[in-house]
Amino acid sequence: MRTLDEEAALLSRAQQGDREAFWELAAPSMDALYRLAMRLVRSAEDAEDVVQEAYLQALKAIGEFRGHSRFTTWVHRIAVNQALMKLRKRRSDVFPLDAMENGEPSKYPLQLVDWSESALSGMVRTEAVEVMEEAIQTLPIDLRTVLVLRDINGLSNEEAAQALELPLGAVKWRLHRARTILRDRLSGYFTERQGARKAGR
């Protein structure tokens, strides 16, 4: 990852019209934005459109970016907005990102699976990955977005809050809620798989 000084130097060049500097800034976030878009719009073609439009919007607005957050945080915000616009065009029942659910976080500590991309790639069984992906896709859009930003794309709580323009507490609650739902939906599957492995010994 670039240092803040290196990023600031590239940003300065990009804001002076240096397209090469802009794409140097953009390159490290491309895979992350595509992962985000795929899990929000659920279509490779639409995800590519979202990423392309996000970078075009970022290029147009680069002069307005003040560097109060990292470039990747800023461009994640643009990508989320583009994905939601794509979904709203596709259907009318999209959950708004500012919609809060009722409920209190559980007082019990969570025993969570590691949802990071590295953990997913380390799983031997493709079936398990598919089950987990299906479970992520069942989350409401507001919870799914926070989960992808935090646990798959690796943004901090603070960066996710900046990207979504939400209070930090709202991001923490949504992340907790998303993880709790996934834990509940997947616990039966993983328990069954563990039981099958033990029985096969």
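User: Which residues of α1 are called buried?

Analyst: This is a predicted model. In α1, the buried residues are E7, L10, L11 and A14. Each carries that label because its relative accessible area is under 20%.

User: What makes these buried residues line one face of the helix?

Analyst: Look down the axis of α1: its buried residues fall within an arc of 105°, so they line one face. An α-helix has 3.6 residues a turn, so residues three or four places apart point the same way.

User: What do the buried residues of α1 pack against?

Analyst: They pack against α2 (19–26) and α5. The cut-off for such a contact is heavy atoms within 4.5 Å.

User: How do you know that the span of α1 agrees with what it should be?

Analyst: Helix α1 covers residues 4–15, which is 12 residues. The expected span is 1.5 Å times one less than the number of residues. That gives 16 Å, and the end C-alpha atoms are 16 Å apart, so the two agree. Just after α1, G17 takes a positive phi of about 100°.

User: Which residues lie closest to the centre of the largest pocket, and how much space does it hold?

Analyst: The largest pocket holds about 370 Å³. Of its 15 lining residues, M1, P28, S29, R70 and T72 are the closest to its centre. Helix α5 (residues 71–90) gives the most to this lining, with 3 residues. By type, the lining has 6 nonpolar, 5 polar and 4 charged residues.

User: How many helices and strands does the protein have?

Analyst: There are 10 helices and 0 strands. Of its 201 residues, 42% count as buried.

Note on methods. Residues are numbered from 1 along each chain as its sequence is written. This is a predicted model: local features need pLDDT of at least 70, side-chain atom pairs count only at pLDDT 80 or more; totals for chains, interfaces and linings use all residues. Side-chain values use heavy atoms; hydrogens and water are left out. On a 1 Å grid over the protein atoms alone, a cavity is a set of points where a 1.4 Å probe fits but cannot get out, and a pocket is an open set with protein on both sides within 12 Å along at least five of seven lines; lining residues have an atom within 4 Å of a point. Grid points are joined across faces, edges and corners, and a volume is the space filled by probe spheres set on the points. Helices (H or I, at least four residues) and strands (E, at least two) are DSSP runs, numbered from the N terminus. Ala, Val, Leu, Ile, Met, Phe, Trp, Tyr, Cys and Pro count as nonpolar, Asp, Glu, Lys and Arg as charged, and the others, Gly among them, as polar. Buried means under 20% relative accessible area, exposed over 50%, partly exposed in between (1.4 Å probe, protein chains only). The arc is that of the directions from the helix axis to the C-beta atoms.
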